[in-house]
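Reader: Can we go through this one piece by piece? Start with the terms, please.

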Amino acid sequence: MTILMPEPDQAVLARRGEIVAALRKIVPGEGVIDSAAEMVPYESDGLMAYRQPPMVVVLPDTTAQVAKVLRYCHDNGIKVVPRGSGTSLSGGALPLADGVLLGLGKFKRIREIDFDNRAVVVEPGVTNLAISQAVDHAGFYYAPDPSSQIACSIGGNIAENSGGVHCLKYGMTTNNVLGCEIVLITGEIIRVGGKSAETSGYDLMGIITGSEGLLGVITEVTVRILQKPETARALMVGFADVEAAGKCVADVISAGIIPGGMEMMDKPAIHAAEAFVHANYPLDVEALLIIELDGPSVEVDELIQRVEAIARGCGSTTCQISTSEKERLLFWSGRKAAFPAVGRISPDYLCMDGTIPRAQLPLVLRRMKEMSAKYGLGVANVFHAGDGNLHPLILYDANKPGEMDAAEAFGADILRLCVEVGGVLTGEHGVGIEKRDLMPEMFSDIDLNQQQRLKCAFDANGLLNPGKVFPTLHNCAELGRMHVHGGKLAFPDIPRF
Amino acid sequence: METLKVRDAKDVEDAVRAAIAGEQPLEIVGHGSKRLIGQPMATNALLDLSALNAVTAYEPNELIITVQAGAPLADVLSLIDSKNQQFAFEPIDTSLLLGTPAGRGSIGGMIGAGFAGPRRIKAGGARDHLLGAHAVSGFGESFKAGGRVVKNVTGYDVCKLLAGSWGTLAVMTEVTLKVMPRPESERTLVLRGLDDVAANRAMTAALGSPFDVSGAAHLPGSALRTTQAPLGELGAPDQSLTLLRLEGITASAAHRAGSLRAALSSYGPADVIEDAESAAAWAAIRDVAPYAASGPRALWPVWRIVCPPASGGAFGQALARESQGEVFYDWAGGLIWAALPPSKDANARALRQRVDAIGGHAALIRASEELRRAVDVFHPQERGLAALGQRVKHSFDPRDILNRGRMARGPAS
Ligand SMILES: Cc1cc2nc3c(=O)[nH]c(=O)nc-3n(C[C@H](O)[C@H](O)[C@H](O)COP(=O)(O)OP(=O)(O)OC[C@H]3O[C@@H](n4cnc5c(N)ncnc54)[C@H](O)[C@@H]3O)c2cc1C
Ligand SMILES: Cc1cc2nc3c(=O)[nH]c(=O)nc-3n(C[C@H](O)[C@H](O)[C@H](O)COP(=O)(O)OP(=O)(O)OC[C@H]3O[C@@H](n4cnc5c(N)ncnc54)[C@H](O)[C@@H]3O)c2cc1C
């Protein structure tokens, strides 16, 4: 537990009773929760090592209520943490002791399905999977598919800019949303975009997506839906070493093929998954690739052959090609269950999420092995190999003294390595609290100040989800101050015409 | 007007700092090919980025290219083309429309304008392909946004803001862009004689099919009257053209063209054109050839209207009828190019009322300087949204040093 949160504001805590009463006036009935026992489910998100009871939980069910809650908190200097389904793996929805936890769980309606414009308008608490299910009968689906899709909310997906195994070909959340309604901390309701392909003016939808609940509370979302591909088939290819598997990934891409999904697992992950779901994974290989091609049958059949030839050229030792939908799903079952499978072989694990240039994969895996020896902790790797997004799962036991700290230090080393080889700290899980203190590995003070100024444009008093994403909090007046250098001479020393 | 030819990011910082100190706004120019777009500006110095023209790194296997912002787009396009790659969003070449010299245009300008071509319906826009940038803000500070990998959610996605910001937030000095494999071949289905509304329905059906359509455009006869090869030859002034593009490996594109033709048989018989012929037609649509500055519509103001795609046909038909103007459609109806007969305000008021009613927005892309002074070039926004946009602008450039007044009229910017 090395991550410090902002000091709770004692003056706010002293007014807790009054605040709860005021919130009850805005959200009547069971929409305000203040008993310690009932607040327990809200104490943490998917980063379960961190827990913190909030000051109070509010569950509004209309945009007007959200606006009133936020205005009240703004006027009274009270912090607010938005929460969707609480599956964040980076602690984005971790409550604050002196903060209101604003849950969007009651925003569960699908407001409009517009097949002609290929758009669906939903409330933020709708789960990712529910959108695809609602349009499935007409052959459509919503493309981004995080493994948590049965549980995670679309509002949370927007806030985290979530990905999934298919985002290599179909993009992340940001490439699949058209518009939203967002409530600022002042209570002002703003609509951005709609059913058009582009918004007017600055691309605020683009900046809201991935903003981790720091800019505003999303109360409605318009997503783009796609027609399902005619068919999909997968190859499951084994390699005697990770280098060969990495080369296969690069060769597929440089052959101009963008598979629907291209996933890699290393030996520990293969063994854990196989023991859990019995997907017939080969156990004598060092790396396994699952490569899915989708589209019309003529295309899929031809690309499968091309990919198979590439794999053989890279020295694959096993190769199976799915011949039925059942078999394709079986190939995926182990990969999709990789996290819980690893959960079975280790009391606890920490899921990391860096992205690296694909070419660096062998080096990064080698270095990770060394770190694993140094920290004395095992690691199992699953990757979105096509886009270089790593998910090392660090195995530890929180009950053994020092192991959690070691696991966190190991994780931080992995992320530093990702940045060192030209990659980034997080590919899809977000910064939250987990990677907050590593931000300076990637960004200078100037970079971070510019991002925080942007925050000031939305939330001048820093009341929305403080303590997340940014390692140091600055006040907006200081950030906005202009330090003018230079004298009177305009444009010194630059060639002119 | 003074022109400062910057050599590196440090020069850009110095220039912006001096501009702040001297309260002298700067105009940012890549190659100036799109200087005729936007609100005429109140600047008296030009920041010329054309010397920042190096390709820093091109890594085809990683699907990325990093280039300095002043690099000529034409050079970069031919470089990535040599590896069978492309910018999937099909950036538009505005020289035909604006009557500026062909072969100009910088990477920074491509991002600054953020105009995407026909493939936007499948591959997204410039914003979806900008992975990282180094830029100098209106504080005179170099900052970095994003990264150099395709998947990244570390911090705010500032790149999204830079794309399409017309140089009003920061001066980009270097950018990393996603490149994608160029499809092996393309087929275009050609339907003839549909009116705008029927064509809109046909395009909607095509986009709602599993055949992965990567271009959907409709050109009424009026648009064909004013354009020469390739579109003029493909159609006839008394017969509209509806084009649907399928790209991919050859077997797949051909198969899908056949399936789509069958699925759309109720809209009449369809021809199929292939590869080079198809590509030429789509380039003409992308670059707004029907309203070329060298053609008969040279003096007509041109609007770019973005709207919910299924509303496009009825909207465009009514607009053309009432204004005595001409329209054609891209993005399955979601993008309408409209050339309207010259009038005092380029029909701005009436047009925007209509556009607002269907939830779209309209920008006046080609017009005389006088006209661009008289009307809002970019679509006016609802007050709260506009104020938020203004606060965002000031979070990058509090003194309005960069491209003052380019995106919005009035004293505020
Ligand atoms: C088993 C498992 C597998 C996972 N697999 C993937 C995966 O494949 N890909 C992937 O990208 N992620 C994955 N995740 C991470 C997680 O599911 C996503 O980040 C998801 O988008 C979070 O959604 P949520 O509704 O649970 O949000 P929460 O956890 O409740 O919140 C996440 C963040 O969003 C903010 N937020 C939530 N709702 C709103 C709103 N309406 N307005 C403003 N801010 C809001 C919160 O403040 C917080 O910062 C996985 C998680 C688990 C537990
Ligand atoms: C053979 C050929 C093919 C072409 N094909 C295409 C094509 O496929 N796609 C395409 O888009 N274009 C193409 N073009 C060129 C295109 O028409 C434009 O000219 C070009 O994209 C705009 O660049 P510019 O530097 O001239 O823009 P400018 O007019 O200089 O700039 C446009 C806007 O961006 C801003 N801006 C410019 N540079 C920066 C910067 N560094 N930082 C911040 N803001 C900046 C400007 O201030 C301005 O607001 C092609 C040209 C040729 C010759």
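Author: Two residues are in contact if their C-beta atoms, placed from the backbone, lie within 7 Å. This is a predicted model: local features need pLDDT of at least 70, side-chain atom pairs count only at pLDDT 80 or more, and totals for chains, interfaces and linings use all residues. Residues are numbered from 1 along each chain as its sequence is written, and chains are lettered from A and ligands numbered from 1 in the order in which they are written.

Reader: Fine. What does A:Val223 touch?

Author: Leaving out residues up to four places away in sequence, its contacts include A:Ala119, A:Val122, A:Ile131, A:Tyr142 and A:Leu178.

Reader: And which residues touch the most other members of the largest nonpolar core?

Author: A:Val223, A:Leu289, A:Ile394 and B:Leu162, out of 211 residues. Such a core is a set of buried Ala, Val, Leu, Ile, Met, Phe, Trp, Tyr and Cys residues joined through C-beta atoms within 7 Å; buried means 20 or more other C-beta atoms within 10 Å of the residue's own, with C-beta atoms placed from the backbone.

Reader: What about a second core?

Author: A separate one has 70 residues, B:Leu96 and B:Leu364 among them.

Reader: Switching to the chain contact. How many residues from each side?

Author: Chain A gives 85 residues and chain B gives 82.

Reader: Now ligand 2. Which residues come nearest?

Author: B:Gly30, B:Gly105, B:Gly108, B:Gly109 and B:Gly112, of the 34 around ligand 2. Near here means a C-beta atom, placed from the backbone, within 6 Å of the molecule.

Reader: Which helix supplies the largest share of that shell?

Author: Helix 4 of chain B, with five residues. Helices are DSSP runs of H or I, at least four residues, numbered from the N terminus.

Key
Helices (H or I, at least four residues) and strands (E, at least two) are DSSP runs, numbered from the N terminus. A residue is buried if 20 or more other C-beta atoms lie within 10 Å of its own, exposed if 12 or fewer, and partly exposed in between; C-beta atoms are placed from the backbone.
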